[in-house]
Amino acid sequence: EETLTQCEAAGIEFAKVLSKAKKVRAPRQIGVDGQTDRTGQAIGRVTGSLCVITANNGGQPVGLLSSRVSQAGFTPPAITIAVAKDKDLECLAQPGEKFVVNMLKEGRNLRSHFLQPAVMGTDRFAGLETTVAENGCIILTDALSYIECTVKNRMDCGDRWLLYAVVNDGKVLEASSVTAIDRRKSGNQY
């Protein structure tokens, strides 16, 4: 009797664990029925590559997680990037500024590292494998790829700067991995 009771308890616990794992793995779409912000949900379906943008702010390296980078030109190769005015990367808001876009790999810990708020006076890149690009900015060696850029123009867009930058150099660091992407439930916030 006692063994049978233990087996039943183990079976129930096993079923709970499987059920929970299934919920975690399956991406869920939020239903729009009865929701008040359908536009925000629609905008949230816009995806972008997860990147860490690195630059130098007054000689100090800074890095910020972003998924607001898009290719903007072919000759010369160029990108656009939306940068919050209240973030560390506001230092990029002037033409001529240099930066690196590090594209992240799916399933790696770099995302969680840069989700943590930066603490003034600490090294944002401590514990990470890095190297320095030709333009003087940090390259995350555990990234999928990187591109070195120079800001050519900017536009004031509400709470963001929209930057147009020319790509000067770049390299794929791991050809067999998949690019991490940002899947959001709402376009009203990051």
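Guide: Start with a salt bridge. Lysine 105 forms one with glutamate 174, and the closest N and O atoms are 2.6 Å apart. Keep in mind that this is a predicted model.

Visitor: Why is the contact between lysine 105 and glutamate 174 called a salt bridge?

Guide: The rule asks for a side-chain nitrogen of Lys or Arg within 4 Å of a carboxyl oxygen of Asp or Glu.

Visitor: What does the pair of lysine 105 and glutamate 174 tie together?

Guide: Lysine 105 lies in the loop between E6 and H3, and glutamate 174 in the loop between E10 and strand E11 (181–182). The pair therefore ties together parts that are 69 residues apart in sequence.

Visitor: How do you know whether lysine 105 is buried or exposed?

Guide: Buried means under 20% relative accessible area. Lysine 105 has 5%, so lysine 105 is buried. Glutamate 174 is at 24%, so this residue counts as partly exposed.

Visitor: Which side chain meets that of aspartate 142 in a salt bridge?

Guide: That of lysine 105, at 3.3 Å, N to O. This pair also links distant parts of the chain, 37 residues apart. Aspartate 142 sits in the loop between strand E8 (138–140) and E9. Its relative accessible area is 29%, which makes aspartate 142 partly exposed.

Visitor: How many salt bridges does the rule give?

Guide: The count comes to three. One of them joins the side chains of aspartate 159 and arginine 160, at 3.8 Å, N to O. The limit is 4 Å, so the pair of aspartate 159 and arginine 160 qualifies.

Visitor: Are aspartate 159 and arginine 160 buried or exposed?

Guide: Aspartate 159 has a relative accessible area of 52%, and exposed means over 50%, so aspartate 159 is exposed. Arginine 160 has 18%, under the 20% limit, so arginine 160 is buried.

Visitor: Which residues do salt bridges with shared partners join into one network?

Guide: Lys105, Asp142 and Glu174.

Visitor: What makes arginine 124 buried?

Guide: Its relative accessible area is 12%, and buried means under 20%, so arginine 124 gets that label. Arginine 124 lies in the loop between helix H3 (110–115) and strand E7 (130–132). Leaving out residues up to four places away in sequence, arginine 124 touches Gly63, His113, Phe114, Gln116, Pro117 and Ala118.

Visitor: Why is leucine 115 called exposed?

Guide: Leucine 115 reaches 55% relative accessibility, and exposed means over 50%, so the label holds. Leucine 115 lies in helix H3. Leucine 65 is 50 residues away from leucine 115 in sequence, yet 6.8 Å away in space, C-alpha to C-alpha.

Visitor: How many residues are in the largest nonpolar core?

Guide: That core has 21 residues. Those with the most contacts inside it are Ile79, Leu92, Phe99, Val101 and Cys149. Strands E2 (51–57), E5 (77–84), E6 (98–103), E9 (145–157) and E10 (160–172) each give two or more residues to this core. E10 provides the largest share, four residues. Another core lies apart from it, with eleven residues, among them Leu110, Ile138, Ala143 and Ala180.

Visitor: How do you know that cysteine 51 is in no disulfide?

Guide: A disulfide needs two cysteine sulfur atoms within 2.5 Å. For cysteine 51, the nearest cysteine sulfur is that of cysteine 149, 9.9 Å away. Cysteine 149 is in no disulfide either, as the nearest cysteine sulfur, that of cysteine 137, is 9.5 Å away. The count of disulfides comes to zero.

Visitor: Are cysteine 51 and cysteine 149 buried or exposed?

Guide: Cysteine 51 has a relative accessible area of 1% and is buried. Cysteine 149 is at 0%, so cysteine 149 counts as buried too.

Visitor: What makes arginine 154 lie over the face of tryptophan 161?

Guide: The rule asks for CZ of Arg within 6 Å of the ring centre and within 35 degrees of the ring normal. Arginine 154 is 4.0 Å from the ring centre of tryptophan 161 and lies over its face.

Visitor: Which residues does a cis peptide bond join?

Guide: Threonine 75 and proline 76, with omega about -5°. Proline 76 is found in the loop between strand E4 (69–74) and E5. In general, most peptide bonds are trans.

Definitions and conventions
Residues are numbered from 1 along each chain as its sequence is written. This is a predicted model: local features need pLDDT of at least 70, side-chain atom pairs count only at pLDDT 80 or more; totals for chains, interfaces and linings use all residues. Side-chain values use heavy atoms; hydrogens and water are left out. Buried means under 20% relative accessible area, exposed over 50%, partly exposed in between (1.4 Å probe, protein chains only). Contact means heavy atoms within 4.5 Å. A nonpolar core is a set of buried Ala, Val, Leu, Ile, Met, Phe, Trp, Tyr and Cys residues joined through side-chain atoms within 4.5 Å.
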